[in-house]
Amino acid sequence: MESLKQNLGLEVEIDGWVYNIRSSGAILFLLIRDGTGIVQCIASKKELPPDAFLSAKKLTQESSLIVRGRVREDARAPGGVELDLCDIQVGQIAEEYPISLKEHGVAFLMENRHLWLRSSRQHAILRIRATIIKAMRDFMDDRSFLLVDSPILTPAAAEGTSTLFSVDYFGQPAYLSQSGQLYNEATCIAFGKTYCFGPAFRAEKSSTRRHLTELWMLEPEAAYFTFEDNLRLQEDLVCFIVEQVLEKRKRELESLERDITKLESIQPPFPRLTYDQALEILQAEGQPLPWGEDFGAPHEQILSARYQKPLFVTHFPACCKAFYMQPDPQRPEVTLSADLLAPEGYGEIIGGSERIHSLALLEKRIQEHEYPPEIYHWYLDLRRYGSVPHAGFGMGVERTVAWLCHLEHIRESIPLPRMLERIYP
Ligand code: 4AD
Ligand code: MG
């Protein structure tokens, strides 16, 4: 559809579907979509072969068809052009389509998500998603991080045992991966700088606006990387993604009525608060949290609402974060970790840290968490053979999409969301 404007006066073919149809005697007004856009078409009885006009009169919303027509400029039409049709080949006449162009409730739309994907709002969101993913991968490739994918079937927990999905692996217990990080630690010692991009699974038992059970994550990991290197990389990555979306998807952002000025102000450096400073703010704002507990959505909301840019919260207590986080040498009860909270109330989009590189300390942590040591034998090997300080992070695709598109709920950020109460369609 993009190229129609360059074909004024010429005859073109569109392979598509009926988005909407209106008839007025000897003229049909069709909105036709081909997956890339929508074009307005005029089918008049006197310009079409008689059979074609008769069969076109039976068209319904979402019927498939192939049309030929001449492109004419029309400033009032969507896309600035209209087609005067000279032929219509009807494919399948669609049954009465459940999603009309009027408003529907969310529960109904979710049940029909496989059809809902055809609407222009979902097109805008999922095109932005594709641009975000491409930006993530281009950024890592340009920074010489090697793409090395991590397995999905795993014998061990990466992010705590409470959100594991179990699978029966030929009679042995196995789980769907919560994160590729532990394997990235092996590949970054092998290759220096690596990343994986793939799905992660979390058996989240609560139903919120921000949690999926199947999500996609970008996870870079780099040998000899420090806490500071890790934060800089995140800042640059987030700014690059925002810049790419603004450059390539402005029209989609506008169609979602996204306030673009809010995205234009996303520039480095990002503000930082330590966990302890964040607790003081929460106390003052009437949402006190005992030291050692991780934030919930209301806490993240209060903190991020104070800034126009993403906010780093750093130095989380060891007791509320994953077992592999490196303690701060100045203050071992806190870790060299950071969460990046998106502005406008979207909460955590990135979690990352330096990793423990001492064999003895990592063995101790595995014991404290009562993890079966034999399953982590290979992971401990990374500390036995050429251990170095290293760091990395995980960035959630859907939380990023929700923020950049300003969505009310994460369910629209992925083609077919998986949530506590949804695995259909
Ligand atoms: O903070 P998380 O749990 O970090 C890890 O998994 C690390 N192992 C990553 C790493 O260092 N390589 O998850 C990382 C990000 C979160 O910040 C969030 O954006 C997203 O993944 N995420 C979720 N998104 C949607 N639904 C969920 N249930 C999510 N859980 C995590
Ligand atoms: Mg986290």
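The model is predicted, with pLDDT of at least 70 required for local features and 80 or more for side-chain atom pairs, while totals for chains, interfaces and linings use all residues. Residues are numbered from 1 along each chain as its sequence is written, chains are lettered from A and ligands numbered from 1 in the order in which they are written, and side-chain values use heavy atoms, without hydrogens or water.

Select Val238, Ile241, Met395 and Trp403, which have the most contacts inside the largest nonpolar core, a set of 50 residues. Such a core joins buried Ala, Val, Leu, Ile, Met, Phe, Trp, Tyr and Cys residues through side-chain atoms within 4.5 Å; buried means under 20% relative accessible area, with a 1.4 Å probe and protein chains only. Next, display helix α6, residues 227-248, which gives the most to this core, with 11 residues; helices are DSSP runs (H or I, at least four residues) and strands are E runs of at least two, numbered from the N terminus.

Then select Leu30, Val39, Ala43 and Phe53, which are among the 22 residues of a second, separate core.

Turn to the cysteines: the structure holds zero disulfides, a disulfide being a pair of cysteine sulfur atoms within 2.5 Å. For Cys239, the nearest cysteine sulfur belongs to Cys405, 18 Å away. Cys239 counts as buried because its relative accessibility is 9%.

Finally, show the open sheet of three strands, β7-β9-β8, with antiparallel pairing; strands pair if DSSP finds at least two bridges between them. Within the sheet, Val167 stands opposite Ala174 in β9.
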